[in-house]
Amino acid sequence: MAIERHPRLRFLGGTETVTGSKYLLDAGGRRVLIDCGLFQGYKQLRERNRAPLPVPASSIDAVVITHAHLDHTGYLPMLVRDGFRGPIYSTEGTAQLCTLLLPDSGHLLEEEARYAQRRGSSIHQPPTALYTAEDAVKSLRSFRPRDFDAPFDAAPGMQATFVPAGHILGAAQVHLDVDGVAVHFTGDLGRADDPLMFPPRGLESVDVLVTESTYGNRSHPDEDPGEALGELVNTVAKRGGVVLIAAFAVGRAETLLLHLSRLRAKGRLPEIPIYLNSPMAIDASRMYQQHRNEHRISDREFAQMYGLATMTRTADDSKLLNLRGGPMIIISASGMLTGGRILHHIAAYGGDPKNAIVLAGYQAGGTRGADLVDGRRMLRIYGEDVSIRADVVAIDGFSAHADADFLLRWMKAAPTAPRMTYITHGEPASSDALRRRIKHELGWNARVPEHLETINLANPR
Ligand SMILES: [Zn+2]
């Protein structure tokens, strides 16, 4: 087969969904995986995590990671457990954040399996965790951090370079030269106006572009999300309620504290207690502080942000918050209500109409967060139905993703059009909307690839 001699790209995840990002580059038998994410959300997607990879883990030479979020890294512990023995390349910031995120993911999966075992509610007999915290810790040994803008050989004939993506700490776009074909992965692309991160680096001339499309059919509102949050907090505080903010522990918690601390400085935030109930978010903040040149926050502002909130580390302190009552603000994870301490708070406070639940980021289909945004008011939490009478407010403006307008502007500024643009990391409607805009507004070749599809990079179509 002639195609075998050409470098190929295969989509093992991140198509038809924002989760499970995994892109396999194969050139003359050398294999490099770009991102190694977990599928999340709909059950039918989550079950893909248990399906064997189409190639043996041991046949992959190296993994290159764009950033630490689990939908880009959460499969790494399985890959290593199942026989992958190569290096995992990432930036220093990503490697640090993974020391928090991956073991935590293992703990949550073990907890879930134990729970399923107790309830006898799993079809897997006996229910086993996808992987354990121990698997996750083992996988951390394979990380080999690389600097931004410093080309390195991911495998012979496959040179990779990390360039800033402006999404979270350490987040990179990956530029590759695969046997002379320039392939560029956006990873998750940040925004021009993010209060925390610098804007993403511009796109250079490439042959093949693989872009994300999380917000491919949406524009971020013009209004300052901090103002919207301030108004909500004032309303809820006046009625003595609790504001529960669901935030991704890495990146989003920092952005929220920054907005809250700026509101406080302007005298626009009532004097009510604020709790940051996420040990991971507390640890991640230290890592942000260590990488001063990657974001916009000064040491002074960091001190103000973290002086504002009481840090809740232990499980006992977390439980006490459920007895405390309002008015107060609790920031906790996970951001899409798929697990974590926020679920206990929702069980405790979600039933009372004087409280409010704030969703501060993208909600992938099939998650409890997406159900709430769609108007469902009954959530299944630890086997119990919890009726939600608290206000539910989604504030899109806190997103750390580029919206469609920015993605188009970012592409348009490239010196030349790629030969082909593949649109990934979006729900189907979102990816297709971005495809149409790329075709009509830029006149570029663009396509939404299918799950497990293989592309010949020498003749991309
Ligand atoms: Zn991300």
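## Enclosed cavities

A cavity is taken here as a set of grid points where a 1.4 Å probe fits but cannot get out. The structure is a predicted model, and by this rule it holds two cavities of 30 Å³ or more.

The largest cavity contains about 80 Å³ of space. Its lining consists of 15 residues, and those nearest the centre are Y23, D35, T186, G187 and T424. Sorted by class, this lining has four nonpolar, eight polar and three charged residues. The second largest cavity contains about 40 Å³. Its lining is made up of H69, H167, I168, L196, M197, V250, G251, R252, T255, Y288 and A400. Six of these residues are nonpolar, four are polar and one is charged.

The protein chain is divided into domain 1, which covers 8–218 + 400–456, and domain 2, which covers 225–398. In the contact between them, domain 1 takes part with 34 residues and domain 2 with 34 residues. The C-alpha centres of domain 1 and domain 2 are 27 Å apart.

The second largest cavity relates to this division, as its lining draws at least three residues from each of domain 1 and domain 2.

How much space lies in the second largest pocket? The volume is about 210 Å³. The pocket is lined by 14 residues, of which R218, Y362, Q363, A370 and V373 are the closest to its centre. By class, the lining of this pocket comprises seven nonpolar, three polar and four charged residues.

## Helix α8

Helix α8 has twelve residues, numbered 279–290. At 1.5 Å a residue, α8 should span 16 Å, and the C-alpha atoms at its ends are 17 Å apart, which agrees with that expectation.

Which residues of α8 are buried? They are M280, A281, I282, D283, A284, S285, M287 and Y288.

## E110 in helix α4

Residue E110 has its place in helix α4. Is E110 buried or partly exposed? Its relative accessibility is 23%, and E110 therefore counts as partly exposed, since buried means under 20% relative accessible area.

Leaving aside residues up to four places away in sequence, E110 touches A129, Y131, T132 and A133. The C-alpha atoms of E110 and A253 are 25 Å apart in space, and the two residues are separated by 143 residues in sequence.

## Cis peptide bonds

The peptide bond from G326 to P327 is cis, with an omega near -5°. P327 is found in the loop between α10 (315–324) and β15 (328–332).

Another cis peptide bond joins A333 and S334, where omega is about 10°. S334 is placed in the loop between β15 and α11 (342–349).

## Residues with positive phi

The loop between β15 and α11 also holds L337. Phi of L337 is near 60°, a positive value in a residue other than glycine. L337 has 0% relative accessibility and so counts as buried.

D149 likewise has a positive phi, of about 65°, although D149 is not a glycine. This residue lies in the loop between β6 (143–145) and β7 (152–155). Where L337 is buried, D149 is partly exposed, with a relative accessible area of 41%.

Conventions
Residues numbered from 1 in each chain as written. Predicted model: local features only at pLDDT ≥ 70, side-chain atom pairs only at ≥ 80, totals over all residues. Heavy atoms only, no water. Helix = DSSP H or I, 4+ residues; strand = E, 2+ residues; numbered from the N terminus. Expected span 1.5 Å × (residues − 1). Buried < 20%, exposed > 50% of the residue type's maximum accessible area, 1.4 Å probe, protein only. 1 Å grid on protein atoms, 1.4 Å probe; cavity = no way out; pocket = protein on both sides within 12 Å on 5 of 7 lines; lining within 4 Å. Points joined across faces, edges and corners; volume = space filled by probe spheres on them. Nonpolar A, V, L, I, M, F, W, Y, C, P; charged D, E, K, R; others polar. Domains from an automatic or database assignment. Contact = heavy atoms within 4.5 Å.
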